[in-house]
Amino acid sequence: MPYATGIEVTQVGPTFAAELQGINLNHPISDETLEELKQIIGKYGVVSVRKLGPKSDDDLIAFGARFGELDSIRPHKRAGRKMRIPQEEIFDISNLDNNGEIVTTADAERTATAYGNALWHADGTFNPRRTHLSMLRAVTLPPEGTGGHTEYLDAAQAYDDLSEEMKEKVKDLVACHSLFHNRKTANPDSPLFKNIVPQDHPMGKHKVVQRHDITGRSVLFINSYAHHIDGMALEEGQALIRELFDHMKQEKYMYVHHWKSTGDFVIWDNTGVLHRATIGNYQHHHVRDLRRISTLDSGPAAYGMNDPGTYWQQGLP
Ligand SMILES: [Fe+2]
């Protein structure tokens, strides 16, 4: 379907996800194109552009900032960590260390992060203010067939298909999200998280069912950060989360994005879809360098049940 600005949209997933043609993000876009793009992202949840994404990290930051306030990794910098990429808005989604060498399993924290990101999640739901859009540009890709694709789930369709009984059961529930819960689940034997009890740390509290700001559709807002249900016995809440999660993870809700070329670019809406990284054979053998930025949600549900006056960001000290 062509838009007024010449953007052509081809749906590439079963119920969501689109590839765009007729748009070149090597150059700044007009306000009109920006507005259309916001609508398309809201409707499809995941949109990709082949080869013609923003050309540099600064271009990526400038592009992303037009969609909203950008999240940043300042807490890491404040903690004195050296970053490979200097811009604090860029999340380093690569398998490279600060010297540009491929990370090995000897780097326990990076390995734990990689496994954590391979579980289904929406970025930043463990924070008091949730993340809205994430944008990922491909700088260097591993050889074809060595893995590293990104997978997505349609959380609106998953909600639609719930039984009426389940919709009634979950409509007012609040889930408590924890980064540490995800990391412990993904790395059960890692000494890094052994002594961390998720409940000892603040959690992001967000409603299990959210109304999407653009489409008005209901969305199932559960992912691998969801540790328990607020006000419900721990076991009972975790069993319910598991049940909802098992439902969402069905292949009929999934789109697999294969990265093909440098310059490939994907934008997804964390308030409507889940995603996960895949761990492939490339991991310890070939460079895979992608750069991410994210916007913070500015909608009515941005802070969920959290106090907008508080700020914390979870992570290892
Ligand atoms: Fe992510």
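S178 caps the N-terminal end of helix 7, with a side-chain oxygen 3.2 Å from the backbone nitrogen of F180. This is a polar contact, meaning a pair of N or O atoms within 3.5 Å; within protein, one must be able to donate a hydrogen and the other to accept it, and residues adjacent in sequence count only if both atoms are side-chain atoms. Helices (H or I, at least four residues) and strands (E, at least two) are DSSP runs, numbered from the N terminus. The model is predicted: local features need pLDDT of at least 70 and side-chain atom pairs pLDDT 80 or more, while totals for chains, interfaces and linings use all residues. Residues are numbered from 1 along each chain as its sequence is written, and side-chain values use heavy atoms, leaving out hydrogens and water.

Helix 7 spans residues 179-186. Six of its eight residues are buried, so the helix is largely enclosed by the rest of the structure. Buried means under 20% relative accessible area, exposed over 50%, and partly exposed in between (1.4 Å probe, protein chains only). The buried residues are L179, F180, H181, N182, R183 and A186. Their cover includes helix 4 (108-117), strand 7 (174-177), helix 8 (191-194) and strand 11 (226-229).

Two strands pair if DSSP finds at least two bridges between them. Four bridges join strand 7 to strand 8. A175 stands opposite H206 in strand 8.

Another open sheet of three strands has the order 12-6-14, again with antiparallel pairing. Here strand 12 (254-257) and strand 14 (273-277) are the edges; each has a single partner strand, so one side of each is left without a neighbour in the sheet. Strands 6 and 14 are joined by five bridges. Y152 faces H275 in strand 14.

D154 lies in strand 6 (residues 150-154). Its side chain reaches the backbone nitrogen of A156 at 3.1 Å. D154 is buried yet has no salt bridge; R217, the nearest side chain of opposite charge, is 4.8 Å away. Lys and Arg count as positive and Asp and Glu as negative; His and the chain ends are not counted. A salt bridge is a side-chain nitrogen of Lys or Arg within 4 Å of a carboxyl oxygen of Asp or Glu.

By this rule there are 19 salt bridges. D57 pairs with R137, their closest N and O atoms being 2.6 Å apart. This pair links distant parts of the chain: D57 is in helix 2 and R137 in strand 5 (residues 131-140), 80 residues apart. Both D57 and R137 are buried. K167 and E164 also form a salt bridge, at 3.5 Å between the closest N and O atoms. They are three residues apart in helix 6 (residues 164-170), and therefore separated by about one helical turn. K167 is buried at 15% relative accessible area, whereas E164 is exposed at 60%. D246 and K249 meet in a salt bridge at 3.9 Å, N to O. Salt bridges that share partners join D57, R84, D92, R137, D289 and R291 into one network.

Conventions: Contact = heavy atoms within 4.5 Å.
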